[in-house]
Amino acid sequence: MKKLVFVIMLCLLTPLCFSLVACGPTTKSVAGIYYGFQYDSKTDTYDFDDSSYLQLNSDGTGTIRHIDSIMEGYYEHPITYKLQGHKITITESLGEPYEGFTATRTFDGGIRDGAINLDNSFFPRYCKKDIKSPIIKQDNLFYMVGHDGNYEVYHATGNSDITSAKIQSKINNVKVTTIGGAAFALCTDLVEVDIPQSITSIGEIAFYGCISLEKITIPDSVKTLGDYVFESCNNLKAISLGRNIDNITKFMFFLSDNIETIAISAKNRKYHVSNNCIIETATKTLVMTAKNYIIPDDDSVINIGTYAYMSQSLESITIPGNIKTIADSAFVDCKNLTDINYIGTTTQWNAIEKSPAWDSNTGDYTIHCTDGDIAKGK
């Protein structure tokens, strides 16, 4: 959600001025592209993180480019900058779609974590003397030292033209433990990626918009996945999740509606799969499904979870008679939904505990019970 908060803040800041202070030695020219930078004001921190970059040209102009999940793509706008010793002052003017806002702020803080130029000439990320090369390129990926002292994948070179990626488990004998936020975002030709067992976390929107990605295997080592990590991966058909994932939500695969098969390690203590549905085992809650939309009728599901079918293109669905609750927004934006086949009586249907917004913005469906029909809203 941090990325969405940042987008909202942009709406309030035009033109926006802020200062970046280098931790290490500068060069005469600061022209280049900087990834993973932050800047502070006296009251707030704005985190561009790895989903964005700052490009400085030699003539005092440049560009800030970041991934805007609301616009579902890149948003970029021009900046101008001035270099005074170790201090860079950047003035940012917003255009469409944020045009018309006139608030102005000046940020006095400097680099918090820093930014990294691809040739290491400016803004060493953590300013540690023992890190001689904070950024390394191997094959078609860039790696940088993360907060825990290990390496993270933070950028795929070429973005749109990269077709495959093999992530290293170690760089210079140091573990690679993280795939950073938006590391592969909008790599539209990426078909496959090999994730090693050293990876423990994958950041939000890491694979956003990878429309050619067909399958993904998350190894047992991974414990956390970020929000919207596989959003808009339209060709993703098969996902396999490891034993230690414990935070699965529908949002991780938002608008990736062509998933056909789902697998989870049998050793995962929190989730299991039945009928290509991800189920939270202890609570018997359906978290999300593949495109077949079939709810298991073996008593492994008694609750349909929040956003479980959000924005699915389903026209009809069968709901078993043992379902006890349907959570908030479970079928939100299922605009094509016309038929709900309920394996129970109208009295049993009415006894199901339903959130008031469980069917928000759906089609004009009819519920077909064993003893009669119920129209939407009745």
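Predicted model: local features only at pLDDT ≥ 70, side-chain atom pairs only at ≥ 80, totals over all residues.
**View 1. Tyrosine 293 in the loop between β23 (285-289) and β24 (303-304).** Tyrosine 293 has a positive phi of about 65 degrees, although it is not a glycine. Most residues other than glycine have a negative phi.

**View 2. Asparagine 275 in the loop between β21 (271-274) and β22 (277-280).** Asparagine 275, which is not a glycine, also has a positive phi, of about 55 degrees, and it counts as partly exposed at 39% relative accessibility.

**View 3. The salt bridge of lysine 166 and aspartate 194.** The two side chains meet at 3.1 Å, N to O. Lysine 166 belongs to strand β12 (residues 164-166) and aspartate 194 to strand β15 (residues 192-194), so the pair ties together parts that are 28 residues apart in sequence. Aspartate 194 is partly exposed, at 36% relative accessibility.

**View 4. The salt bridge of lysine 284 and aspartate 299.** The side chains of this pair meet at 3.5 Å, N to O. Because lysine 284 lies in the loop between β22 and β23 and aspartate 299 in the loop between β23 and β24, the contact ties together parts that are 15 residues apart in sequence. Lysine 284 is partly exposed at 30%, as is aspartate 299 at 40%.

**View 5. Serine 329 in the loop between β26 (325-326) and β27 (339-342).** Serine 329 is buried, with a relative accessible area of 9%, and touches Tyr307, Ala357 and Trp358, residues up to four places away in sequence not being counted.

Notes. Residues numbered from 1 in each chain as written. Heavy atoms only, no water. Helix = DSSP H or I, 4+ residues; strand = E, 2+ residues; numbered from the N terminus. Buried < 20%, exposed > 50% of the residue type's maximum accessible area, 1.4 Å probe, protein only. Contact = heavy atoms within 4.5 Å. Salt bridge = Lys/Arg side-chain N within 4 Å of Asp/Glu carboxyl O.
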